[in-house]
Amino acid sequence: WQVTNENGLSSVEVTSTIKVVSKNDAPEIAISENNEVVTFIEGGDPIQIGQDLTLSDPDGKNNVLELQSATVRIENFQSDQDVLAYTDTPDQVFTFSSSESEHTNSDGIEISFTHDGSELTLELKNGATATVEKYQAALQSITYQNISQAPNTDNRTVSWQVYDGEHYSEEVTSTIQVVSKNDAPEIAIGE
């Protein structure tokens, strides 16, 4: 900085330094309008519940999303009817139950369920990092199915949240509608 007066005399030049300090911003998770409400029809195949879900991390470097965990919770989960599953590869689908409650996928992301299956946690293990695409793919592959022939038709609310080791994202929610259908009566003739 230097100041010159009306007579053309200049002050001594001084300098200043601006120090820019970065901060860790919270990661972000979003559900598209297409997945805000998904519908499962009784007797149907499993449906993806976060197919168009997107993740971002303003602090990500080289497209690497440095998260420590993600949590998917289902309110009104019916443990005797509702089934959550995760697809690692097209040939590897893992349906979690109390006997098999965790799996580490091919990208080093450990997926675990609570004993009643209503909460799914994804964690990167041993300092692993995953690209945005790999973490999104893990969350997008989660499926829901109701195996009852008389399902509870109350909506299931799905809460999604990610954590980068310092900050949690805002929690976003989506809804699973379960539709029952009228099954045809059956008749059996004795022998």
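The legends below go with several close-up views of this predicted model.

Two notes apply throughout. Residues are numbered from 1 along each chain as its sequence is written, and side-chain values use heavy atoms, with hydrogens and water left out. Because the model is predicted, local features need pLDDT of at least 70 and side-chain atom pairs count only at pLDDT 80 or more, while totals for chains, interfaces and linings use all residues.

Figure 1. Helices (H or I, at least four residues) and strands (E, at least two) are DSSP runs, numbered from the N terminus. Of the 191 residues in the protein, 38% are buried; buried means under 20% relative accessible area, exposed over 50%, and partly exposed in between (1.4 Å probe, protein chains only). The accessible surface comes to about 11700 Å², and carbon and sulfur atoms account for 45% of that area. Accessible areas come from the Shrake-Rupley method with a 1.4 Å probe; for residues, only the protein chains shown count as cover. Contact means heavy atoms within 4.5 Å. Among contacts between residues at least 6 apart in sequence, 63% join residues at least 24 apart.

**Figure 2. The largest nonpolar core, with 32 residues.** A nonpolar core is a set of buried Ala, Val, Leu, Ile, Met, Phe, Trp, Tyr and Cys residues joined through side-chain atoms within 4.5 Å. Ile49, Leu122, Leu139 and Trp160 have the most contacts inside this core. At least two core residues come from each of β2, β6 (69–75), β7 (82–89), β10 (109–113), β11 (119–124), α1 (132–140), β14 and β15 (172–179).

**Figure 3. An edge-to-face pair formed by phenylalanine 40 and tyrosine 144.** A search of the whole structure finds two aromatic pairs. In the pair shown here, the ring centres of phenylalanine 40 and tyrosine 144 are 5.7 Å apart and the planes meet at 85°, so the arrangement is edge-to-face. Rings of Phe, Tyr and Trp (its six-membered ring) pair if their centres lie within 6.5 Å; planes under 30 degrees apart count as stacked, over 60 as edge-to-face and the rest as tilted. Phenylalanine 40 belongs to strand β2 (residues 37–41) and tyrosine 144 to strand β13 (residues 143–146), so the pair ties together parts that are 104 residues apart in sequence. Both partners are worth checking for burial: phenylalanine 40 is buried at a relative accessible area of 1%, and tyrosine 144 is buried at 0%.

**Figure 4. Aspartate 82 and its polar partners.** Aspartate 82 sits in strand β7 and is buried, with 4% relative accessibility. Its side chain makes a polar contact of 2.5 Å with the side chain of tyrosine 144 and another of 3.0 Å with that of asparagine 146. A polar contact is a pair of N or O atoms within 3.5 Å; within protein, one must be able to donate a hydrogen and the other to accept it, and residues adjacent in sequence count only if both atoms are side-chain atoms. Arginine 156 forms a salt bridge with aspartate 82, with the closest N and O atoms 2.9 Å apart. This pair links distant parts of the chain, arginine 156 in strand β14 and aspartate 82 in strand β7, 74 residues apart. Both arginine 156 and aspartate 82 are buried. A salt bridge is a side-chain nitrogen of Lys or Arg within 4 Å of a carboxyl oxygen of Asp or Glu, and the structure holds two of them.

**Figure 5. The salt bridge of glutamate 171 and arginine 73, with glutamine 161.** The closest N and O atoms of glutamate 171 and arginine 73 are 2.7 Å apart. Glutamate 171 is in the loop between β14 and β15, and arginine 73 is in strand β6, 98 residues apart. Glutamate 171 is partly exposed at 39% relative accessibility, and arginine 73 is partly exposed at 30%. Glutamine 161 touches both Arg73 and Glu171. Glutamine 161 lies in strand β14 (residues 156–163) and is buried, with a relative accessible area of 18%. Its side chain reaches the backbone oxygen of serine 169 at 2.9 Å.
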